[in-house]
Amino acid sequence: MGAAFAVVAAQPAFAEDVAICYNCPPEWADWGGQLKNIARDLKIDVPQDNKNSGQTLSQLLAEKDNPVADVAYYGVSFGIKAKQEGVVADYKPANFDKIPDGLKDPEGAWFAIHSGTIGLFVNTEALGGAPVPQSWSDLLKPEYKGMVGYLDPSSAFVGYAGAVAINRAMGGSLDDFTPGIEFFKKLKANDPIVPKQTAYARVLSGEIPILIDYDFNAYRAKYKDEANVAFVIPTEGTVAVPYVMSLVKNGPHADNGKKVLDYVMSDAGQAHWANAFLRPVIASAMSPEASEKFLPAAEYERSQPVDYAKMAEVQAGFGERYLSEVR
């Protein structure tokens, strides 16, 4: 991260055509394609950035007095925290009024751009003859030893969202993470693989046969990379969670940052997310063709929303428990 950061910091020589985004990884949610669209349509260069949500917030806090980034992208709980920490500015982008309540800060300190549903992203060829798991509980079976991956839930938002889903499925709540912690302890005995950042390529290669991840990554693998993969919404249920963006307070290229946020929330920007298998926050941007590539609506009925503000509030406590009791 240090080397990439140094390159970004050296760029503002041609400041008027740059916007710095923290956590716009090209391999995630087709940010790679969206950044190309931004360069083509806005003539603004947004360098790729491979942080995760936790690293993004840490960097924004470290640079609070001398910001480097203009915009930030992260899981919703981190957007809520960024507002509390005073590192983001209020901005209402294009289509702000169309964003459903609960998926935006009323003043625009953060707003959802798209959402994903947590489940099992499975490389069916890498299972060594084992069946495709259908539930969270299946992951604890000896036949999946060394096969299950999940992103570090003390740092990556997808990891935390997975923990929230598992905890609820095991009978826990946002006030009681013990069932989830117990699950991760049992899973540890099955030798899981726990990366810090997006592990898409490692699933495609078969190194991680089963990854607790979002539907959009599995659909991308299936339809874009034509891999033999399946996406499973576990039988015990799961969660759908939004990813949000913010304008960084006192960012060096604030006007360009605002243009980027307007773009990702525009009809064209939202349609791009839908075509990358994400659920755009502006529902009308989802075409019938894009919708057909998702699992049937009946499967998605097992995916329930969460109290995102509460999820943000209890995140640090869960992270501490995970680090002390599981890792």
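Analyst: A term to start with: helices (H or I, at least four residues) and strands (E, at least two) are DSSP runs, and they're numbered from the N terminus. This is a predicted model, where local features need pLDDT of at least 70 and side-chain atom pairs count only at pLDDT 80 or more, while totals for chains, interfaces and linings use all residues. Residues are numbered from 1 along each chain as its sequence is written, and side-chain values use heavy atoms, with hydrogens and water left out.

User: How is the chain divided, and how far apart do the C-alpha centres of domain 1 and domain 2 lie?
Analyst: The bounds come from an automatic or database domain assignment. Domain 1 takes in 21–115 + 242–296, and domain 2 takes in 116–240 + 299–326. Across the boundary, 29 residues of domain 1 are in contact (heavy atoms within 4.5 Å) with 30 residues of domain 2. As for the C-alpha centres, their separation is 23 Å.

User: Where is Asn-23, and what is its phi?
Analyst: Look in the loop between β1 (21–22) and α2 (31–42). Asn-23 has 4% relative accessibility, so it counts as buried (under 20% relative accessible area; exposed is over 50% and partly exposed lies in between, using a 1.4 Å probe and protein chains only). Although Asn-23 isn't a glycine, its phi is positive, at about 75°.

User: Is helix α3 mostly covered or uncovered, and which residue caps its N-terminal end?
Analyst: Helix α3 (residues 53–62) is mostly covered, with seven of its ten residues buried. Among them are Leu-57 and Leu-60. At the N-terminal end, a side-chain oxygen lies 3.0 Å from the backbone nitrogen of Gly-54, and the residue supplying that oxygen is Asn-52.

User: At roughly what angle do the axes of α5 and α6 cross?
Analyst: Axes are lines fitted to C-alpha atoms, for helices over the stretch in contact, and angles run from 0 to 180 degrees between N-to-C directions. Helix α5 (residues 157–169) and helix α6 (residues 178–188) have axes that come within 7 Å. They're therefore roughly perpendicular (65 to 115 degrees; under 35 is roughly parallel, over 145 roughly antiparallel and the rest oblique). The crossing angle is roughly 105°.

User: Which residues of α6 make the contact with α5?
Analyst: On the α5 side, Ala-163, Ile-166 and Asn-167 take part. The α6 side brings Thr-178, Pro-179, Gly-180, Phe-183 and Phe-184.

User: What is the relative accessible area of Lys-222?
Analyst: Lys-222 lies in helix α8 (residues 215–223). Leaving aside neighbours within four places in sequence, Lys-222 is in contact with Ala-227 and Val-229. It's partly exposed, with a relative accessible area of 41%.

Note on methods
Polar contact = N/O pair within 3.5 Å; in protein donor to acceptor, adjacent residues only side chain to side chain.
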